[in-house]
Amino acid sequence: MNNPIEKTKLPNIKNIIIVASGKGGVGKSTVATGLALSMAMEGYSVGLMDADIYGPSIPTLFNLHNQQPSVSEKNGKPLMEPFIKFGIKIMSIGFMIDPSQAMLWRGPMASNGLKQLINDTNWGELDYLILDTPPGTGDIHITLLQQYEINGAVIVTTPQTIALDDVRKAITMFHSEHIGVPVLGIVENMAWFTPSKHPDEKYFLFGKGGGDLLSDSTGIPLIAQIPVNENICGVCDEGRLNELFSDKIVKFGFDNLLKGILKFQAEMSKN
Ligand SMILES: Nc1ncnc2c1ncn2[C@@H]1O[C@H](COP(=O)(O)OP(=O)(O)O)[C@@H](O)[C@H]1O
Ligand SMILES: [Mg+2]
């Protein structure tokens, strides 16, 4: 990484936020989607790019199975039209590849395919482009970080320590000298469970205080906690995202996430 790669400029996109974690299954896609939804509801123009080459789940979350984006032409260049749902412009590597073939994609092939998809999507003017990423800190992350001007990262974790160890590696990557992308905040997903019939009770199914611990040891603020919610699975699997915020505590978590990002960015712009 001694020869810095010239970054691709996306002049119509004001901010790019990457959602990452060291691990799979912690809720990156759920958090990326909820964040995009919160932004759209607040009036921001927002795009969501599913860069999870090995397990793209955005098509499922938005009920866009087996769909293929249409192609339009702009200034003589063919561009892919993102799908628009809930006010969010959506593109997924999953629209391009057969999931059973994804594992056969090698590093450079995956990276090039992804770059092309991002560059050739007709995003229009966006306040925010949210990038949902695969687990870990592999080729896809490196490609995104080297290729684009990323404004910040949101790190998703669950309370277990094993998740936290992996997550630390992801934070180290973002903050490394070569990458230098600020981590805007930590989201502790599946922080606790509150049964709907007992709204005052909290059950810490996966341990307690992991997000705080990580925040204390890294100096990165814990900006949101999202509880385990019995409806999230169904809502996400069936693309009923309009119901994602029907639980007040879930909505509160996502409100905090957006507030945390805006606050961080406001402070950065002062310096
Ligand atoms: N807070 C939550 N409560 C209940 N289920 C959740 C929550 N967050 C995520 N899930 C579920 O957990 C699974 C993994 O989430 P996902 O967002 O796909 O994780 P990742 O993108 O990190 O692999 C999905 O089935 C999702 O619906
Ligand atoms: Mg995912």
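**Reading a predicted model: ligand, helix and core**

An oxygen atom of ligand 1 is 3.0 Å from a polar backbone atom of Gly 27. This is a predicted model, in which local features need pLDDT of at least 70, side-chain atom pairs count only at pLDDT 80 or more, and totals for chains, interfaces and linings use all residues. Residues are numbered from 1 along each chain as its sequence is written, and side-chain values use heavy atoms, with hydrogens and water left out.

User: What makes the pair formed by ligand 1 and Gly 27 a polar contact?

Analyst: A polar contact is a pair of N or O atoms within 3.5 Å. The pair at Gly 27 is 3.0 Å apart, so it meets this limit.

User: How do you know which residues of H3 line one face?

Analyst: Helices are DSSP runs (H or I, at least four residues) and strands are runs of E (at least two), numbered from the N terminus. In H3, the buried residues are Gly 107, Ala 110, Ser 111, Leu 114, Leu 117 and Ile 118. Seen down the axis, they fall within an arc of 130°, so they line one face of the helix; the arc is that of the directions from the axis to the C-beta atoms. The face turned away from the buried side carries the exposed residues Pro 108 and Gln 116.

User: What makes a set of residues a nonpolar core?

Analyst: Such a core consists of buried Ala, Val, Leu, Ile, Met, Phe, Trp, Tyr and Cys residues joined through side-chain atoms within 4.5 Å. The largest one has 81 residues, and those with the most contacts inside it are Ile 130, Phe 174 and Leu 257. Its largest share, seven residues, comes from helix H1 (residues 28-41). Contact means heavy atoms within 4.5 Å; among the residues that Phe 174 touches are Ile 18, Leu 145 and Val 183.

Methods: Chains lettered and ligands numbered in written order. Buried < 20%, exposed > 50% of the residue type's maximum accessible area, 1.4 Å probe, protein only. Polar contact = N/O pair within 3.5 Å; in protein donor to acceptor, adjacent residues only side chain to side chain. Lists of a residue's contacts leave out its neighbours within four places in sequence.
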